[in-house]
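Let's take a friendly walk through this protein, looking at how its inside is put together. Have the sequence and the structure open as you read.

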Amino acid sequence: MHFQWYPGHMSKAKRVMQEDMKLIDVVIELVDARIPLSSKNPDINQIAGNKSRVILLNKYDLSDDVQNQKWKEYFESQGYIAALVNSKKGDGIRKVNDAVITACKAKIERDRKRGILNRPLRAMVVGIPNVGKSTFINSISGKASAKTGNKPGVTKGKQWIKLNKSIELLDTPGILWPKFEDQRVGLHLALIGSIRDDILNSYSMSLNLISFLTMYYKGALAERYGIIESEDAVENLAAIAKKRGCLLKGGDLDLEKASGFLVDDFRNAKLGKVTLEFPPEIESEVLVEETDNSISE
Ligand code: G4P
């Protein structure tokens, strides 16, 4: 499902989320492990206020194992309780209960001191469209889960899913809008297929992807397509088109078609597990290296 965001959508989504925040103790934020920054809207910090925070790097089955760990550490360094999950297969889902309880430790302690024992923690899932919110909610609630139904007065119209004796989950997730203003964010969202393809053409998307892969995932294209990787993105795309037999009527290479293949292969992790964004510390190291090179040249 693809979304187009307009200011009206955003303010409605924000209003609904702000109302729901009053009902919960902890925000479970989903991001896409391949693009943890671009799939995250920083406005959630303001909306969540001082609620406890859990961040889940979802779809980690598609992203780079080394970067997954780095991102987890990065978010933990930012004060989140972080975990890797594959909502589709259920991997990592069990750890989410513990993550929620750890995130709410201070609240549980405060309740205990006030003599409130065993009050379930209330959680809400938030994230941008397509990040896997519904899949996650289905996965964590399982088939056996019973909905607790409306709680008159307090949670009118809201459905809660009882995950276990300690946690209840709001059954409707909060929808965040992506930060389109940054071109790179738009490119990354389009590459993972979370915004409509027609916003960016697949040719320019694939050239960007090729440049990134030949720099950070050397050999991935060679392995998938049997090409000799060059430093020139268009040359690589032409080599892929040749190998895949993408030809126009007159016999010229059909680079548009080859681009489509490439982007599909990336989305399905056929080029291997790839993460498109590195945690800020790593990015600054990369920048330093690049700066050093340019100075020495
Ligand atoms: P949303 O509520 O946040 O909008 O997202 P939703 O759950 O609808 O998930 C969007 C797509 O992401 C779905 O694929 C879903 O199967 C897939 N997905 C969710 N979590 C994971 C995960 O951890 N790993 C992988 N690989 N995929 C995940 P779809 O193409 O829309 O449907 P389908 O392919 O499942 O039929």
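Contact here means heavy atoms within 4.5 Å. Please keep in mind that this is a predicted model.

The buried residues of H1 pack against strand E1 (26-32), helix H2 (43-48), strand E4 (121-127), strand E6 (167-170) and strand E7 (174-175). Which residues of H1 are buried? They are Ala-13, Met-17, Asp-20 and Met-21. Looking down the axis of H1, you find its buried residues within an arc of 100 degrees, so they line one face of the helix. Pro-7, Lys-12 and Arg-15, on the other side of H1, are exposed.

Helix H1 (residues 7-21) has 15 residues, which at 1.5 Å a residue should span 21 Å; its end C-alpha atoms lie 21 Å apart, so the two agree.

Now to the nonpolar cores, set side by side:

| Core | Number of residues | Some members |
|---|---|---|
| Largest nonpolar core | 74 residues | Ile-28, Leu-56, Phe-136, Leu-169 and Leu-221, which touch the most other members |
| Another core, apart from it | 10 residues | Trp-71, Tyr-80, Ala-82 and Leu-84 among them |

For a closer look, pick Leu-221. Leaving aside residues up to four places away in sequence, Leu-221 touches Ile-210, Leu-213, Thr-214, Gly-226, Ile-227, Glu-229, Ile-240, Leu-262 and Leu-271.

Conventions. Residues are numbered from 1 along each chain as its sequence is written. This is a predicted model: local features need pLDDT of at least 70, side-chain atom pairs count only at pLDDT 80 or more; totals for chains, interfaces and linings use all residues. Side-chain values use heavy atoms; hydrogens and water are left out. A nonpolar core is a set of buried Ala, Val, Leu, Ile, Met, Phe, Trp, Tyr and Cys residues joined through side-chain atoms within 4.5 Å. Buried means under 20% relative accessible area, exposed over 50%, partly exposed in between (1.4 Å probe, protein chains only). Helices (H or I, at least four residues) and strands (E, at least two) are DSSP runs, numbered from the N terminus. The expected span of a helix is 1.5 Å times one less than its number of residues. The arc is that of the directions from the helix axis to the C-beta atoms.
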